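Please load the model and keep your selection tool at hand.

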Amino acid sequence: MSNQQLLSNTENALSGGTGSTSLSYPWRDMAVLSGVFVLALCGRLWFNFVDNHVSCAAAGDAWEYLSNARSLLALTKLPDNFWGDAWSCLTGIAPASVQAHLLAFIQPLSGLSISGPVYPLFLSGCLLLSGNVFDLQLPVAAQCVLSALTCSLICLLGMSAWSPRVALAAGVAAAIYPGFIINSGRLITETSALFLVVLLLVAVARGFRPYGGSFRQLFCVGILACLLQFTRSAMSLLSLCLLPLVCLQNRRRKPLLSLLVLLAGFAFIALPWLAWQKVAVGRASLVIDRVSHLNFSVGNNVGREGWYGVPYADFSCVEDKSLTKLLKENFRQDPCGWVELTFSKIPRLAKFPWNDFRSSVGPVDFHLQVVVHQALLLLAAWGLILALIPGSREIPASRQQIGCRLLILGVIALHLLYVAFIGQPRYFVTAMPFVILFSAAGLVSLLDLLFHGPDRRTPLLALASGIIFFLTARLDFMGDLPTGHGGTFNLIAGVLLKGAALVAFIIFAFRAARAFKGSRRALAAVATACGILIFPSACLPLKAHGRTGQWQCSLDKPGESVTQWLPTPQKAPGGAGGRQYYLMIDSRGWQPLADGLTIRVGGRQLSGPLIPGIALMDRENRFEDHGGAEVFLPYEYIFNCLTSAAGITPAELRQWFLIPLRSELVDGPLIKVELSKEDSRPFTVFGSSVGQDGRMIIPGPERASWDKAFYGVENDRGFNDCRYDELMAVSAGGLEPGSQALDARPGAMPAGSVGGRQAFVRLLSTCLADRAASHLSEILSVPIKVESLALPAKPSDCISVCTIPSYRRGDLWLVRIRGQVMSQGGSSLPGLTLVINSVDKAGVAHSYDCPWAPRAVRRTDSWTRFDLAFPFAPDKFPGKLSSLQAKFFVASPVLAQMTRPLPECSKAEFKDVQLEISSLSGHPLADGWQIY
């Protein structure tokens, strides 16, 4: 055997090629692929059908895909002459009556033009096989199989690009990666897109062989590219990139014919879809446009931080403008803010795993999932430097291997397209298979140097520098660094510290990579580019890492307290009416405030209810419905749907909570606010540093974003703050034009604080229409007696009905429910719902299930207080109000979709339950509100 043949065989063995088989073991490869598949499938089936968690299979966009899939099932019974009528409509010879009849039949499928045909067809096939269009078990099981096959394909791709060891490590990592496991049970396109994109790259990678791919393979590549493009619109760029790549791969054998075969495979899928679009919507496009102009406009809106939210902005004209014009308009509004927002979208995409509902995988909670995900990113950075260009320590990488690696890197880079739109971890999930491949390559290369390299000192330094960079990159600028020098010093020190750690990591990784065979110049270029790309995302104080200047302090022990002095207005700033005041407290949910915390203002303990800030967003109180008896308010409906899929309620998100204050408490130039802990349950105090210009960043009280709460990446231990940031002036006396006044005087803050830090405990002043009116006037107070509840409980045993008092046009109520609850029985969560009923003139009944009642009370092994209230406009409700129902239960409706039932021994006790309705003289966020 010649040296050239030996080198070729060795390369094939390392790369999983199909050359000589003297050094390759196909049966071992098949065993590895099968083992990865079984491991991945078992994990996914266990999570979706055995593990105890809230099912979110049909949440979010899944409702759209399921609706289209069920509409597709109607096509199993086609009318007579359907295909003939469709052909005549397509060619334009059909009369108007035939066109109208055909369009009426396919109208339910008009949503396919946005969702695409691939995934709804997959779902409709699963539903057809199951025989029940509402049974989602078979579609979820089918997705588990697809996800497991994807893991085996990742392993197969690793064999082509690197070696069997890298392939095995990548396959196992993909099999146990929490992001893939969790989303295998969600009925949206990502799992199928993962399968298609990895399968496509496996097929394209075979074309890097000396004589390219076969024509049959190229035809399949065209089919896969088209299917993937109709699943993820951004993959249209990948289809375009395949054209020159196929010509390059087949340059030795009929490149033009190879390109035509590829296009023929693409057309095999594309032509029927284009024909359907032409008939159904009158226009045809190869790109699935999921309101790209709207997503582009929102994603570049600096004022909304690139998120959808409330109140709704006017985006009615964005479809008429080009993307270039929209970009110019948003850039001109705030150039510096736009640049910061653009940089923030890279960590938005890649910093967290896609897990918008923060689901746990058995004992692996969301925080641990984030740590695992970020560790994979660190390993991928090692992989870029150690294993993109170099080969082994003895043999350089073959052309086939380098081609496959560059292809994999190109697909990762393709996802940077989403930086121009709304950056979400969901969009980056199709890049994670290839990130995992580089992570596996980095791990295997590092271990090879550590255990078999000639010099262990260099890889040890590379390992240590990587770990140091990982730890410093996770540092919180305000919360983890010492606070004695102020916020600005912390920000500068954080950037320098992280930057130095990054430089050390890149240098030592580059020095370690020189032990492998490969071009030194190419290696230096890759290492430098890697450092430049990582620096802004990991080292700068972007909003994706948290609110700039924000700090937090935890009160953990009984008796700990925080005190702040707030100014009071000496003169009403405008308006003919009087003023009403609310204490505003920033908190992660209502329970830490309602139970275990004492709030005093001016030495007096507050006993008022907690009003969730999100409940104040629907100021117009415009009730809507979906054609049924239940009505809802649009803004809170979106929050309610998303939180229900996460197993929580909207009141458990971080937000402002308002407590009404009596006028005598707001007397004098300053008022003292004190928050004291009663027990050991932790409570977090948030605040912000005051800048040198006398301004501070504070959460805005009247704007919020559900996207920011669920898709943001600021908080790796739970959901994010749903509010937008406001830069407000801090003034010790009077108001500054165009801003709300905040106090600059230092209060008694926790140990280690300085005078330039203020807590997010503020005073809200709102304008009343009538100066002489009393803000809170009680019109109903009903005690509710509830017996101990146990599972199962009859509905008639746990419903209390109250009569609605009379009301007039323009009235505004504050509906309050308070009491105490205690439960027993393991994981049971007691709660209650409030349902307001009405009957209109036609005799049609309407009901409103309020999402602000304490539907799930957690940590209830002892008596737990609840005291929540929400504003309600009775005259805006459809029909005449008839009754108000309070329903008590043990198994919360929020958790009713859990795959494992609650134990029957669960029970709950309620006491001192009181339902109250008071009259409000003005909305808390009425025009003219001010913050102090």
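In which helix is Leu200 found? Select helix α11, residues 190-205, and you will have Leu200 in your selection. Keep in mind along the way that this is a predicted model.

Stay with this leucine for a moment. Leu200 has a relative accessible area of 1%, so it is buried. Now show what surrounds it: setting aside neighbours within four places in sequence, Leu200 contacts Val221, Leu224, Ala225, Leu228, Leu238 and Leu242. For a distance to draw, pick the C-alpha atoms of Leu200 and Leu153, which are 9.8 Å apart although 47 residues separate them along the chain.

Next, jump to Asn715, in the loop that runs between α27 (706-711) and β13 (723-729). Is Asn715 buried or exposed? Its relative accessibility is 12%, and because buried means under 20%, Asn715 counts as buried. Display its side chain, which reaches the backbone oxygen of Phe719 at 2.9 Å and the backbone nitrogen of Arg717 at 3.2 Å. Beyond residues up to four places away in sequence, Asn715 touches Phe352, Arg358, Phe366, Arg588 and Asn720.

For the last stop, colour the strands of an open, antiparallel sheet of four, ordered β18-β23-β20-β21. At its edges are β18 (799-803) and β21 (845-850), each pairing on one side only. From one strand to the next, the twist averages 25°. Zoom in on β20 (residues 831-839), joined to the antiparallel β21 by six bridges.

How values were computed: Residues numbered from 1 in each chain as written. Predicted model: local features only at pLDDT ≥ 70, side-chain atom pairs only at ≥ 80, totals over all residues. Heavy atoms only, no water. Helix = DSSP H or I, 4+ residues; strand = E, 2+ residues; numbered from the N terminus. Buried < 20%, exposed > 50% of the residue type's maximum accessible area, 1.4 Å probe, protein only. Polar contact = N/O pair within 3.5 Å; in protein donor to acceptor, adjacent residues only side chain to side chain. Contact = heavy atoms within 4.5 Å. Pairing = 2+ DSSP bridges. Axes fitted to C-alpha atoms, helices over the stretch in contact; angles between N-to-C directions.
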